[in-house]
Amino acid sequence: MNAVQIEHLTKVFGRFTAVDDLSLEVPAGQVFGFLGANGSGKTTTIRMLTGALKPTSGKARVLGVDVAKRVEEVRRRIGYMSQRFSLFEDMTVDENLRFYGGVYQLPPDVFAQRREYILQMAGLAGREAELTRNLSVGWRQRLALGAATIHEPELLFLDEPTSGVDPIARRRFWDLLYELAESGVTLFVTTHYMDEASHCNRLAFINSGKLVAQGSPRELRAAHGNVSLDEVFAILEARAPQIAS
Ligand SMILES: Nc1ncnc2c1ncn2[C@@H]1O[C@H](COP(=O)(O)OP(=O)(O)OP(=O)(O)O)[C@@H](O)[C@H]1O
Ligand SMILES: [Mg+2]
């Protein structure tokens, strides 16, 4: 089964096309890297897949469900760690987890179990009463990951989950992502870090809202003369105007 199936997805803002006839598939169980420069349309695509934004045209199925028709079911079964907002800074660790437990209407016993698991997973046990704004970025991101997975989603969207995080905390964060992937969760992740991209099963590059290349990290490097992923990215960026026109 495909966890995500997009056909000719397009989003136009006024006279500007942010996502342009995008078609792609993400098989269930994969760690899928969605790459592109600033403004290439990654967040806009994710917002359409999560039902936050209505496409101008085209179709999206998430976990086999048509997002346009059954958005509530999609929302129940996915998690979303957004690029800008995930946590309330002026609430404690515990209050943030309670908020998300409430959003997903977890029964008290299930919530208690998930809360315990997440505090352990994030390394935040004993810090439940701390204000979220006082946590360093790395801890905050792990808490946000916990909050986004409190209802045990089958598919998790992560929009630049590690931006601003130091290299060691990024590695720790990716260890958590692998654990999730091993438990069967499909991960749809955007990143500007090519070391992270190299850890994905499959990658798609978009530019000006258009798909310009996809494949495994190894396939993409081989297709460009076995250069590094950083160089693949640079090559695809440089070529973009021709593709876009
Ligand atoms: N609501 C909106 N109204 C008008 N333009 C928008 C809107 N949302 C996004 N855009 C534009 O669409 C383009 C794609 O934005 P998007 O946020 O999807 O890019 P991105 O790939 O996520 O970039 P980044 O890597 O910086 O997060 C940008 O030029 C952005 O300014
Ligand atoms: Mg974005």
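Where is the place of Asp109? The numbered points below begin with this residue and then proceed through the structure, which is a predicted model.

1. **Asp109.** This residue has its place in helix 4. Val31 is 78 residues away from Asp109 along the chain, and 31 Å separate the C-alpha atoms of the two residues.

2. **The two sides of helix 4.** Helix 4 comprises residues 108-122, 15 residues in number. From its first C-alpha to its last it reaches 21 Å, close to the 21 Å expected at 1.5 Å a residue. Its buried residues are Arg114, Arg115, Ile118 and Ala122. The face turned away from the buried side carries exposed residues, namely Asp109, Ala112, Gln113, Glu116 and Gln120.

3. **The surroundings and end of helix 4.** Helix 3 (93-103) and helix 5 are among the elements that cover the buried residues of helix 4. After helix 4 comes Gly123, which has a positive phi, near 75 degrees.

4. **Helix 3.** The buried residues here are Val93, Asn96, Leu97, Tyr100 and Gly101. Seen down the axis of helix 3, they fall within an arc of 135 degrees, so they line one face of the helix. Their cover includes helix 4 and helix 5. Just after helix 3, Gln105 has a positive phi of about 50 degrees.

5. **The largest nonpolar core.** This core contains 59 residues, of which Val62, Leu156, Phe157, Leu187 and Phe188 touch the most other members. Helix 5 (residues 137-148) gives the most to the core, contributing 5 residues. Which residues are in contact with Val62, leaving aside its neighbours within four places in sequence? They are Val4, Leu49, Val67, Val74, Ile78 and Leu155.

6. **An open antiparallel sheet.** In general, strands of a sheet pair through backbone hydrogen bonds, either parallel or antiparallel. Here 4 strands form an open sheet in the order 2-1-4-5, with antiparallel pairing. Strand 2 (16-27) and strand 5 (65-66) stand at the edges; each has a single partner strand, so one side of each is left without a neighbour in the sheet. Strand 1 (residues 2-13) is joined to strand 2 by 8 bridges. Lys11 has Val19 in strand 2 as its bridge partner. Helix 1 (residues 42-49) lies across strand 1, strand 2 and strand 4 (57-62), and runs at about 115 degrees to strand 1.

7. **Strand 9 and its partners.** Strand 9 (residues 202-207) has 5 of its 6 residues buried, so it is largely enclosed by the rest of the structure. Strand 3 (residues 31-35) runs parallel to strand 9 and is joined to it by 4 bridges; Phe34 has Ala204 in strand 9 as its bridge partner. Strand 10 (residues 210-215) runs antiparallel to strand 9, with 5 bridges between the two, and Lys210 in strand 10 stands opposite Asn207. In the hairpin of strand 9 and strand 10, 2 residues lie between the strands, and Ser208 takes a positive phi near 50 degrees.

Methods: Residues are numbered from 1 along each chain as its sequence is written. Chains are lettered from A and ligands numbered from 1 in the order in which they are written. This is a predicted model: local features need pLDDT of at least 70, side-chain atom pairs count only at pLDDT 80 or more; totals for chains, interfaces and linings use all residues. Two strands pair if DSSP finds at least two bridges between them. Two residues are in contact if their C-beta atoms, placed from the backbone, lie within 7 Å. Axes are lines fitted to C-alpha atoms, for helices over the stretch in contact, and angles run from 0 to 180 degrees between N-to-C directions. A nonpolar core is a set of buried Ala, Val, Leu, Ile, Met, Phe, Trp, Tyr and Cys residues joined through C-beta atoms within 7 Å. A residue is buried if 20 or more other C-beta atoms lie within 10 Å of its own, exposed if 12 or fewer, and partly exposed in between; C-beta atoms are placed from the backbone. The expected span of a helix is 1.5 Å times one less than its number of residues. The arc is that of the directions from the helix axis to the C-beta atoms.
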